[in-house]
Amino acid sequence: MNTSPSVSLGYVILYVKDVPASLAFYEKAFGLARRFFHDDHGKAYGELETGAARLAFASLELATEHLKREVVPASPHKAPLGFEIALVTANVPELYAQAIKAGATTLSEPSTKPWGQTVAYVRDNNGYVVEL
């Protein structure tokens, strides 16, 4: 018997150097709509609509304030961090091409897996891995 309160995923928050640039990149690369943005003297936070859960970005300064310690930022010039963001679409090749045109870097071009799913991997403007 489970007596825990009901839990659902509400947000995935990525800590980044430039929140407005991250929001703009995801809007252009993946067609996501901006839901919210606030900047309090460099402590910025913004959200994008992605369905049931939202994808959000918080500045490194805001992360440090909330967590009371520094975080390890992603970097396009270093190995990817040990996780990925997965965006689901009916047309992976089209979204992949749009993302590359917007400045994403390729990790793996679209390919169909043995179970029938088409998948591609890119890195965003911050160096985070995005699976399509």
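Is Phe-30 buried or exposed, and what is its relative accessible area? In this predicted model, Phe-30 has a relative accessible area of 8% and is therefore buried, since the limit for a buried residue is under 20%.

## Overall architecture

The protein chain contains three helices and eight strands. In sequence order these elements follow the pattern β-α-β-β-β-α-β-α-β-β-β. Along the principal axes, the C-alpha atoms of the protein chain fill a box of roughly 45 × 45 × 30 Å.

Of the 132 residues in the protein chain, 36% are buried. Among contacts in the protein chain with a separation of 6 or more, 50% are made by residues 24 or more positions apart.

## Aromatic pairs

The model holds six aromatic pairs. One of them joins Tyr-26 and Phe-30 in a tilted arrangement, with 5.1 Å from centre to centre and 50° between the planes. Both residues belong to helix H1 (residues 19-30), where they stand four residues apart, about one turn of the helix. Tyr-26 has a relative accessibility of 0% and so counts as buried; Phe-30 is buried as well, at 8%.

Another tilted pair consists of Phe-83 and Tyr-128, with 5.7 Å between the centres and 50° between the planes. This pair links distant parts of the chain, 45 residues apart. Phe-83 lies in the loop between helix H2 (60-67) and strand S5 (84-86), while Tyr-128 lies in the loop between strand S7 (118-123) and strand S8 (129-131). Phe-83 is partly exposed, with a relative accessible area of 39%, whereas Tyr-128 is buried, with a relative accessibility of 6%. Ring pairs also connect Phe-25, Tyr-26, Phe-30 and Phe-57 into a cluster.

## Asp-124 in the loop between S7 and S8

Asp-124 is located in the loop between S7 and S8, the loop that also holds Tyr-128. Asp-124 is buried but has no salt bridge.

Which backbone nitrogen does the side chain of Asp-124 reach at 2.9 Å? It is the backbone nitrogen of Tyr-128. A polar atom of the Asp-124 side chain also lies 2.8 Å from the backbone nitrogen of Gly-127. When neighbours within four places in sequence are left aside, Asp-124 is in contact with Phe-25, Tyr-26 and Val-130. Two of these residues, Phe-25 and Tyr-26, are members of the aromatic cluster described above.

## Glu-47 in strand S3

Glu-47 is part of strand S3 (residues 43-49). With a relative accessible area of 5%, Glu-47 is buried. Its side chain makes a polar contact with the side chain of Arg-54, at 3.2 Å.

Which residues does Glu-47 touch, not counting those up to four places away in sequence? They are Tyr-11, Leu-23, Ala-33, Arg-34, Arg-35, Phe-36, Arg-54, Leu-55 and Ala-56.

## Helix H2 and its cover

The buried residues of H2 are Leu-60, Leu-62 and Ala-63. Viewed down the axis of H2, these buried residues fall within an arc of 160°, so they line one face of the helix. The elements that cover them include strand S1 (11-16), S3 and strand S4 (54-59). Just after H2, Lys-68 adopts a positive phi of about 60°.

## Asp-39 at strand S2

Asp-39 is placed in strand S2 (residues 33-40). Its relative accessible area is 41%, and Asp-39 is therefore partly exposed. The side chain of Asp-39 has a polar atom 2.8 Å from the backbone nitrogen of Gly-42, and the backbone nitrogen of His-41 lies 3.4 Å from a polar atom of that side chain.

Asp-39 and Val-19 are 20 residues apart in sequence, and their C-alpha atoms are 8.8 Å apart in space.

Technical notes
Residues numbered from 1 in each chain as written. Predicted model: local features only at pLDDT ≥ 70, side-chain atom pairs only at ≥ 80, totals over all residues. Heavy atoms only, no water. Phe/Tyr/Trp six-rings, centres within 6.5 Å; stacked < 30°, edge-to-face > 60°. Helix = DSSP H or I, 4+ residues; strand = E, 2+ residues; numbered from the N terminus. Buried < 20%, exposed > 50% of the residue type's maximum accessible area, 1.4 Å probe, protein only. Polar contact = N/O pair within 3.5 Å; in protein donor to acceptor, adjacent residues only side chain to side chain. Contact = heavy atoms within 4.5 Å. Arc of directions from axis to C-beta. Lys, Arg positive; Asp, Glu negative; His and termini not counted. Salt bridge = Lys/Arg side-chain N within 4 Å of Asp/Glu carboxyl O.
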